[in-house]
Amino acid sequence: MFEKHSFFMKHKEFILYTAVGISAVVMNWVTYSFLIAFVPMVIANTLSWAITMVFTFLTNKLYVFQSPCFEWKVMKKEVISFITTRGVTGFLEVVAQPQLYAWGLNRPLFGVEGLEAKVTVCIILSIVNYLSTKLIVFPASNAKRMKSA
């Protein structure tokens, strides 16, 4: 019993980050599925992405990286760095997936063309997003936790 508990405590941040990420995907799909009934696809996709980014930012801030400060100066820096890092990885996803496909990750998965490259990019960029969120977006909360450990 204690081994499982110590494993969770040792990897708590990454486990929570993964849970938030899965929740974000579900939220994105659900909000898109709801919105598509009322607005054009581009608007539904944009709104679902925006809603998901707000959800992801707040859950990462409060639960994963435990940065409870809501002072304007701190929030502004966190929001700008979060949007910037996610924008960069979003751009990388758009560029990397077709490139990996062209380089040979082109076997269909579950009958879906290009999914092998998309899954590979998703895994790599999830790790990059985790590290950038930890080291760039919420570095102060990481330093504070390191001192208390």
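Lys134 counts as partly exposed, because its relative accessibility is 23%. The model is predicted: local features need pLDDT of at least 70 and side-chain atom pairs count only at pLDDT 80 or more, while totals for chains, interfaces and linings use all residues. Residues are numbered from 1 along each chain as its sequence is written, and side-chain values use heavy atoms, with hydrogens and water left out.

## Salt bridges

Lys134 forms a salt bridge with Glu13. A salt bridge here is a side-chain nitrogen of Lys or Arg within 4 Å of a carboxyl oxygen of Asp or Glu. Side chains of opposite charge can pair when their charged atoms come close.

| Glu13 | Lys134 | 2.6 Å |

Glu13 forms a salt bridge with Lys134. This pair links distant parts of the chain, with Glu13 in helix H2 and Lys134 in helix H5, 121 residues apart. Glu13 is buried, because its relative accessible area is 14%.

Glu78 lies in helix H4 and Lys61 in helix H3, so the pair ties together parts that are 17 residues apart in sequence. Both Glu78 and Lys61 are buried.

Glu93 counts as partly exposed at 29% relative accessibility, and Lys118 counts as partly exposed at 36%. Val94, also placed in helix H4, is 24 residues from Lys118 in sequence and 9.5 Å from Lys118 in space, C-alpha to C-alpha. Val94 counts as exposed, because its relative accessibility is 60%.

## The chain as a whole

The chain has six helices and zero strands. Helices (H or I, at least four residues) and strands (E, at least two) are DSSP runs, numbered from the N terminus. The C-alpha atoms fill a box of roughly 50 × 40 × 30 Å, taken along the principal axes. Of the 149 residues, 27% count as buried. The accessible surface comes to about 10300 Å², of which 76% belongs to carbon and sulfur atoms; accessible areas come from the Shrake-Rupley method with a 1.4 Å probe, and for residues only the protein chains shown count as cover.

A contact means heavy atoms within 4.5 Å. Among contacts between residues at least 6 apart in sequence, 60% join residues at least 24 apart.

Helix H2 (residues 12-35) has 24 residues and reaches 34 Å from its first C-alpha to its last, close to the 34 Å expected at 1.5 Å a residue. The expected span of a helix is 1.5 Å times one less than its number of residues. Buried residues of H2 include Tyr17, Val20 and Ala24.

Helix H4 covers residues 72-102. Its 31 residues should span 45 Å at 1.5 Å a residue, and its end C-alpha atoms are 45 Å apart, which agrees. A kink of about 25° lies at Ala96 in H4, shortly before the proline Pro98. The bend at a residue is the angle between axes fitted to the seven residues ending there and the seven starting there. After H4 comes Gly104, whose phi is positive, near 125°.

Among the buried residues of H4 are Thr85, Arg86 and Thr89. What covers the buried residues of H4 includes H2, H3 (41-64) and H5.

Asn129 is in helix H5. Asn129 counts as buried, because its relative accessibility is 13%. Not counting residues up to four places away in sequence, Asn129 touches Tyr17, Thr85, Arg86 and Thr89.

Val119 is also found in helix H5 (residues 115-137). Val119 is partly exposed, with a relative accessible area of 35%. Val119 belongs to a nonpolar patch on the surface, together with residues including Leu109, Phe110 and Ile123; the patch has about 860 Å² of accessible area. Patches are made of residues with over 30% relative accessible area and no salt bridge: like charges are joined within 9 Å, and nonpolar side chains (Val, Leu, Ile, Met, Phe, Trp, Tyr) within 5 Å.

Note on methods: Buried < 20%, exposed > 50% of the residue type's maximum accessible area, 1.4 Å probe, protein only.
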